[in-house]
Amino acid sequence: YKNNHFNGADWFYADEYEIQVSDAETAKKIFLELGLRELVVINNTRHVFQTDQYEIVVEDVRDLGSFLEVEYRGADTNDVNAVRQEIFAFLASLGLNVGEESRLGKLEMMYLKKKAAKAR
């Protein structure tokens, strides 16, 4: 579950709650019984790396491309801007020159792509 936080109209950060699901088919049946419906399918390969403070995920998403995600795993802080600056400094220290941060999640991107394809 992802609880997104916005700064005005712009995405700012998200609190994420994750659990392991040992039986995907049963989980899918539960979602359907709750009245949820499948909108998109994300086919991806994730490569996860960890440091003391960060989880770094390189993700290849079919039909969308490759993504780099860095999540702060350090002590709780209320200064989200400071953490974001630390993350960009960390990436720079690795010699990485990253593009503009996406304000859309992969699910939203895939949904918009699917919607655009249907409109054609």
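**Entry 1: the elements**

I started with secondary structure, and the chain of this predicted model comes to three helices and five strands. Next I wrote down their order: starting at the N terminus, I read β-β-α-β-β-β-α-α.

**Entry 2: the whole chain**

I looked up the overall dimensions. Along the principal axes, the C-alpha atoms fill a box of roughly 45 × 35 × 30 Å. How much of the chain counts as buried? I found 18% of the 120 residues. The exposed surface comes to about 9,700 Å², and 51% of it is supplied by carbon and sulfur atoms.

**Entry 3: the hairpin at the start**

I moved on to E1 (residues 2–7) and E2 (residues 10–16). These strands pair in the antiparallel sense, and six bridges hold the count. Which residue of E2 is the bridge partner of Asn 7? I found Asp 10 there. The hairpin of E1 and E2 has two residues between the strands. One thing I marked in it is Gly 8, with a positive phi near 70 degrees.

I picked out two facing pairs: Asp 60 stands opposite Ser 66 in E5, and Val 58 stands opposite Leu 68 in E5. These two strands also form a hairpin, this time with three residues between them. In its turn I found Asp 63, which has a positive phi of about 75 degrees.

**Entry 4: the sheet and its helix**

What is the order of the strands in the open sheet? I read E3-E4-E5, three strands with antiparallel pairing. E3 (44–50) and E5 each have a single partner strand and stand at the edges, so one side of each has no neighbour in the sheet.

Last, I went to helix H3 (residues 106–119), where I found Ala 117.

Buried or partly exposed: what is Ala 117? Buried would need under 20% relative accessible area and exposed would need over 50%. Ala 117 has 43%, so I put it down as partly exposed. Ala 116 has 37%, so it is partly exposed by the cut-offs too.

I finished with distances between C-alpha atoms. Ala 117 and Leu 94 are 23 residues apart along the chain, and their C-alpha atoms are separated by 38 Å. For Ala 116 I took Tyr 13 as the other end: 103 residues apart in sequence, 27 Å apart in space.

How values were computed:
Residues numbered from 1 in each chain as written. Predicted model: local features only at pLDDT ≥ 70, side-chain atom pairs only at ≥ 80, totals over all residues. Heavy atoms only, no water. Helix = DSSP H or I, 4+ residues; strand = E, 2+ residues; numbered from the N terminus. Buried < 20%, exposed > 50% of the residue type's maximum accessible area, 1.4 Å probe, protein only. Areas by Shrake-Rupley, 256 points an atom, 1.4 Å probe, with all protein chains shown as cover. Pairing = 2+ DSSP bridges.
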